[in-house]
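Please have the structure open while I talk.

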Amino acid sequence: MASITEIYGSLAPAFGKSTLRLIRNPHARVYLSLIKAAFPDASRPMPAEDLWAFLDASLTTMEQHGIPDLPVEDGELKAGRALCRELIDQYSWLESSVTSGGRTEYRLTSDATEAISIIDRLNSSEGVMGASRMHTLVEAIERASVLFSADYEAGHRVLQQRLEQAQAELDEYEARSGAEPLTPERARDIVRNLQDLMDQLPHDLRRLEEDVHGNATALITSFREDERPVGEVIKGYLAQGRNLVANTEHGRSFLDAVRVIGDSSTSEGIVSKLELVAEAPLSDGKPLAQATELERGWSQISRGIAQVNTENTRASRVIGRSIAQHDVSRDRELTAVLKQLESAANAWARRVPARAVAPFVTSTQKWDVATMASRLANPSVTTAPPGLDRGDAAEVTLSVEELRRIGGPQTKRLLEAMLADLPLEARDLDLAQGFNALPGDLRRPVELAGFVQMAASLGLDPEHAHAVPYRCVDLTGRDVVWIGPRIRVTIPQAKRAAERM
């Protein structure tokens, strides 16, 4: 028997999760209601603006119906945006991400979906004990006995018995010219068993997706901190990056599970079978209402599998790019400087008394701006600030060409000009070289912002690219040199980018 201290220690992972942290919150029932209503399909994201508006409207409705324990802030109902931030920062129940189109989305974390499943089980008045669950359990035990047994004869007998049972079921099916009519009780038992089996999977898939992301981040950090020569370790790190899912026990279980359902045709076959279950009439002539939830449950599992594969592909690509563009000498130099600063801070702290003022300057100096200081120090003052002295400036009239000259980037125009000057045999385009060869009226500094935005939209990483000079012409006509990232794109990439602008 395990000791009480061992049992106590074994519970640490469960109580360390945010799953229980939110359930113990005084607003837990309200928060869970909002989450379940906002995310009926736990595997789908929701645009941030839509979720904020939904939460605002839902909290107002709950207040009108006299529901207690609503979250408040400064005497008012907490805004949906603030509530989302709380669920991210304090409970790790929501995760925000930015789409390729620049919109912010929210998704439930694995802890959130797990907590919802726990509450649903506690809230259910129907148990899973029944003939269907017993059949599932007996079949699983029989299969395990064959796989784990080294006795050939014993395994052969079990398989032979299963074959005879299947033959008997086939004979009965043919004799009745079909399946026997299901009673409502028997149908509910079968559907409850299927729902229980499906409900266990979405939060496991979400947790695996989060593990892949976390393992990718840890792998990149480990590579940057590795002091061995890059040539000796890069192959191993790239191999780990390509096999993020297979490198963990949960990931290997996931791969085995995916092999069970096989290709897309198998998945489509499962969907058609679930439709039959949902539409089949019972002995009383009515379809079972709960059966329609089975299709939704399977769609969540299918999307969860697809999202794990997508995250694995994305993380592997990020790892490969980070490793390929890693500047070892720069990172080691930065690490050495930081260690020197840490040593200096530790040495100073050991030789000075308590509450001594640190000599390290980490803040800006005081700004001597009378009007700003007065307004900040006296928020109750209502006197308007003095008007601006416009002087005798004459009215300025700008032409369209002058407005264009001082406007935002025209990346499309520049790309078309660069592509027109390329030789026919060219396969890629160096934006720095192409830019420097353009006429002066096109080489504005603002165009560099357009290039960086375009590179990011194509999946490139401008922040880790090598720095190169861009010879620009500013608004006064002076030649100036700006240092920016070196961006190389293929000709098809450049053409597609220009077409989208």
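Which residues in H4 meet which residues in H7? Before I answer, please note that this is a predicted model, in which local features need pLDDT of at least 70 and side-chain atom pairs count only at pLDDT 80 or more, while totals for chains, interfaces and linings use all residues. Residues are numbered from 1 along each chain as its sequence is written, and side-chain values use heavy atoms, with hydrogens and water left out.

In H4, Leu32, Ile35 and Lys36 meet Ile116, Ile119 and Asp120 in H7, where contact means heavy atoms within 4.5 Å. By class, this contact has 4 nonpolar, no polar and 2 charged residues (Ala, Val, Leu, Ile, Met, Phe, Trp, Tyr, Cys and Pro count as nonpolar, Asp, Glu, Lys and Arg as charged, and the others, Gly among them, as polar). The axes of H4, residues 28-38, and H7, residues 110-123, come within 11 Å and cross at roughly 105° (axes are lines fitted to C-alpha atoms, for helices over the stretch in contact, and angles run from 0 to 180 degrees between N-to-C directions; helices are DSSP runs of H or I, at least four residues, numbered from the N terminus).

For H19, residues 411-421, and H21, residues 447-457, the axes come within 9 Å and cross at roughly 85°. Here Thr411, Leu414, Leu415 and Met418 in H19 meet Glu447, Gly450, Phe451 and Met454 in H21, a contact with 5 nonpolar, 2 polar and 1 charged residues.

Finally, a search of the whole structure finds 0 disulfides, a disulfide being a pair of cysteine sulfur atoms within 2.5 Å.

Definitions and conventions. Helix = DSSP H or I, 4+ residues; strand = E, 2+ residues; numbered from the N terminus.
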